[in-house]
Amino acid sequence: MTKTVELQTTAGVIRLELDDAKAPATVENFLNYVRAGHYNGTIFHRVIKGFMVQGGGFEPGLKQKPTTDTIQNEANNGLKNDHYTVAMARTSAPHSASAQFFINTTNNDFLNFKSETASGWGYAVFGKVVAGTEIVDQMEKVKTGRSGGHDDVPVENVLITQATEV
């Protein structure tokens with residue numbers, strides 16, 4: 001049973017199809033945040049042209065939202081960080097993902113799982129954009145700058161107004 005989430009953003013609607021067969025823990029974690037309303041009112045806080053757009057962790061003004069526990073990295077599931085796939089963001093620690101996610105805006109092979117080592121884990125893909133790719137393309141082109149100690153922050157907020165399971 002495929003799970004679908006719709007992200008209503010200030011740039012337009014993005015529909016995600018989640019792969020709960022290959023990334024069950026990651027999909028369940030993402031859906032728990034969706035159901036709790038966590039993503040409503042968050043911004044895409046990191047946008048790097050030719051790489052990805054990242055969101056799910058900050059409100060406007062780069063106010064970080066509290067998260068639940070981190071999850072086990074499922075990057076060894078065979079899914080690749082290809083154009084328009086959705087993956088979990090994390091710190092340099094392989095199993096540190098919680099709420100933040102990113103949409104790949106190109107094929108990012110270097111983010112794929114290679115081995116169960118600190119440098120080889122990669123980033124867990126758990127879905128793909130099935131509608132709204134033009135919105136992702138538009139978001140990738142926004143002007144960015146430095147803000148609150150962060151680089152690549154959109155000058156004008158791209159807000160997730162509502163995330164819903166459909």
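**Exercise 1.** Determine which residues of helix α1 are buried, and what covers them.

*Solution.* The model is predicted; local features require pLDDT of at least 70 and side-chain atom pairs pLDDT 80 or more, while totals for chains, interfaces and linings use all residues. Residues are numbered from 1 along each chain as its sequence is written, and side-chain values use heavy atoms, without hydrogens and water.

Step 1. Helices (H or I, at least four residues) and strands (E, at least two) are DSSP runs, numbered from the N terminus.

Step 2. Buried means under 20% relative accessible area, exposed over 50%, and partly exposed in between (1.4 Å probe, protein chains only). In α1 this applies to T26, V27, N29, F30, L31, Y33 and V34, which are buried.

Step 3. The cover of these residues includes β1 (3-9), β2 (12-18), β6 (85-88), β7 (101-104), β8 (125-131) and β11 (159-165).

**Exercise 2.** Locate Y84 and D152, and state whether each is buried or partly exposed.

*Solution.* Step 1. Y84, not a glycine, has a positive phi of about 70°; its place is the loop between β5 (63-64) and β6. At 18% relative accessibility, Y84 counts as buried.

Step 1. D152 lies in strand β10 (residues 150-154), and its phi is positive, near 65°. At 27% relative accessibility, D152 counts as partly exposed.

Definitions and conventions: Contact = heavy atoms within 4.5 Å.
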